[in-house]
Amino acid sequence: MKTAATAHIYPFLADGGEMGALTRQYNWSNTSLGTPDQWPQSLCVTLSIVLNARFPMFLWWGPELIQFYNDAYRPSLGNTGKHPTALGQKGEECWPEVWPTVYPLIKQVMDGGPATWSEDQLIPIYRNGQLDDVYWTFSHSPVKDESGRVAGVLVTCFETTQKVQSFNRLRASEQRFQQLVAKASVGIVVVSGQDLRIEIVNESYAQLINRRLDDLQGKCLFDVLSEAKADLYPLIEQVRLTGNPLYLYDHPYAVLVEGNKKEGYFNLVAQPYNELDGTTTGVILLCQDVTGQVVSRQALEASEAKFRTLIEQAPVATCLFVGSEMRIDLANEAMITFFGQGPSIVGKPIREVLIRSVDGPAIQLLDNVFTTGKPFDAKGAPADLVINGVPGTYYFDISLKPLVNAAGNVYAILEMAVEVTQEVLAQQQRKESEAYLRQLTDAVPAIIWETQPDGYCTYLNGQWYEVTGQTTTEAQGFGWLDATHPDDKAETGRLFIEANQHHTAFRALYRLRQHDGQYRWSVDLGRPRFAADGTYVGMIGTVVDVHDQAIARQELAESEARLRKLSTELDLQVQQRTQQLQASIQDLQRSNENLGQFAYVASHDLQEPLRKIQQFGDLLKDQYAETLGEGLDHLNRMQSSAYRMSVLIRDLLTYSRISTRQEATRAIALSEAVQWALTDLELRITETGALIEVAPLPMVLGDASQLGQLFLNLLSNALKFRRPDTTPHIQIRVNTVPATDLPLLVRPTRTATAYHRIDVIDNGIGFEEKYIDRIFQVFQRLQGKGQYEGTGIGLAICEKVAANHGGAITATSQPGNGATFSVYLPV
């Protein structure tokens, strides 16, 4: 006997759960294997794998097939029986009941043959105190020793008894179902898919339609039974699509048998065939030929004319109560809906269906008809029911007809019911509405009337009598026409008669006599009324006082005549003003042409004398500078004045051109206009060492030359009016300003939703903001000519350029703190 120390001496016996412990404690010296220290390495390794595996494993080792197994295999041995004696036992001694079956497989592997595989194999074993039929899926695999010889057989297996038993039960159930279907006296056919292909069919159905089973199995139902397709296919297809069952009782059918037409009647129940997930994949049809019963019943109906009449006039909802207990033998879907409890009511006594206290009178009524044999009919009978899940009081036209057998005894009651809830409620509401309408029309201030198809007046509300002063006797019939002005009576009567004859709307404008004898203009409006079947039943209308409107219309007509006369006079004035405007435009065009001629003269004729003065002045300085003496200073002043005069003329010319130039609409990049100005000022920028920062600028619609002139003047001013001890620093920034956020003093010349605001910021000498209105005017200067050069036109040019482009310009500044010029241009 080994102790717990065995696990340390033989590591392959460590762990292994319960069976590992039993293996360590087992007295192996009494077996042919000897103690574990004598076991071959191949056995130790294999045993270590078996004991630590969680899959059921069983090991036979050596010629005597000594047995080992793990915890996963343990449950297969049962609670009582082979465990734990199977451990260390010889195979033949352990499994006498199955050894003839198992040993050939073991021997095949021990003799060097291939591994075996058996699936769902029946191998009965003795366990749980009895011999059980046990099914296994298992494999016998060879285990070789160090010499390569097969020394053992490893069995990996799992029990499949429950699976096999479940399959056998299912197969037996299927066989029973097939037998029931095949032997059923009712025709049964199971169809699937949109084409209603036959999956299962029995002989009873084949006989019903006079076909052979071989001609039906696997075929599309209406390929075989095409003559019934038009009648039955839509009904069966509806069951397949909606999942709602269909019940047809005593339904006529016709099939072709060898070219001859066979007719009869059958009961048909069509139930949806659902898969486990609830999906409807087919339809189960139960068909029973009831031709004999129907023919017999028809013969009975023929002898009872009253019964046939009741059946022909019966409502759709039908129910048949059979026997004294009133068992519901047949109920169509409409009647089932009325009961509100589903199809389960079929086959139940009426007392089990109607169990509430309010149902007592209905049961007593059925009992009375069954007992006395007297039929019962009721119109609009109330019943407290739950229909389609909605509880309430419903109304029915009910017919209870006792059915008698050949002996003259009542055996059943046929109930037919038509729901008339809407009609009853509508009739109640109509009566209430008519009474309320009479009260309402007498209370309203307008006149309301009603006539018959022949025009005879049957109703006038109280307002008519108050207005006209007529009595009921005077106004009825056609007497209401007597309240019409004599001059309007004939025309009003003619219009009214025509409307009645043609069943059209009636409209008449006439003077209605008032109770004081005066007449007031009124409009009479009538509409034809028709019954549900389209029959003309008369007219209903109103009379409205429009006297004030009629008088106002007359006054309006007079006003319109005066307005037309005034409009003619106004048209003449507009024509004269238009001619004057055209003359003014022509004068403006001539003025612009003269201004262009002046610009030409200024640029050529006026500049030419100045150039001569400057040239001759330069000759005098070059040739006679030494002899001029003090006259040289006078000559320099003359030259300076001539230069200022030339600059002034050039600036005036530029201003003139900008003032007369039309607005351009070409897309201009402002960055290019700024770059052009910077290039022109390059020398001055270098001389002053100015730092100029330009932000990315947008595109605008405009004239490149004018925009370049704008930035040239703004940058030139910033460089000109710099502080002597400070390096010029100029920034050009841009942002977008909504039109609603523009400063009050900024008034662009063109309306836009938003504007680009381009700021030119310098750190120069600045100026006082009280002079803002002056700096944009021509010849306006804030500094003397000797201090800063210039003509005072540059900012005026900037203002004109901004205006030409639909924008505006303004400035902010403080003396000594630089200035910011803001140009607003439409986005």
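Which residue takes a positive phi in the hairpin of E18 and E19? In this predicted model, that residue is Gly 455, with a phi near 95°, and the hairpin has five residues between its strands. Strand E18 spans residues 447-451 and strand E19 residues 457-460; the two pair in the antiparallel sense over three bridges. Within this pairing, Glu 450 stands opposite Tyr 459 of E19.

The chain as a whole comprises 26 helices and 29 strands. Of its 827 residues, 39% count as buried. Among contacts with a separation of 6 or more, 53% join residues 24 or more positions apart. The accessible surface amounts to about 47,100 Å², and carbon and sulfur atoms account for 53% of this area.

Three cavities of 30 Å³ or more are present in the structure. The largest has a volume of about 200 Å³ and a lining of 14 residues, with Trp 60, Tyr 73, Val 102, Ile 123 and Val 155 nearest its centre. At least two lining residues come from each of strand E1 (57-61), helix H5 (99-110), strand E6 (135-144) and strand E7 (150-159); E6 gives the most, with three. This lining consists of 13 nonpolar residues and one polar residue, with no charged residue.

The second largest cavity, of about 140 Å³, is lined by 16 residues, and Tyr 205, Ile 209, Leu 225, Leu 232 and Phe 266 lie nearest its centre. Elements that each supply at least two residues to this lining include helix H9 (229-242) and strand E11 (260-274), while the largest share, three residues, comes from E10. The 16 lining residues of the second largest cavity are nonpolar, with no polar and no charged residues.

Note on methods
Residues numbered from 1 in each chain as written. Predicted model: local features only at pLDDT ≥ 70, side-chain atom pairs only at ≥ 80, totals over all residues. Heavy atoms only, no water. Pairing = 2+ DSSP bridges. Helix = DSSP H or I, 4+ residues; strand = E, 2+ residues; numbered from the N terminus. Buried < 20%, exposed > 50% of the residue type's maximum accessible area, 1.4 Å probe, protein only. Contact = heavy atoms within 4.5 Å. Areas by Shrake-Rupley, 256 points an atom, 1.4 Å probe, with all protein chains shown as cover. 1 Å grid on protein atoms, 1.4 Å probe; cavity = no way out; pocket = protein on both sides within 12 Å on 5 of 7 lines; lining within 4 Å. Points joined across faces, edges and corners; volume = space filled by probe spheres on them. Nonpolar A, V, L, I, M, F, W, Y, C, P; charged D, E, K, R; others polar.
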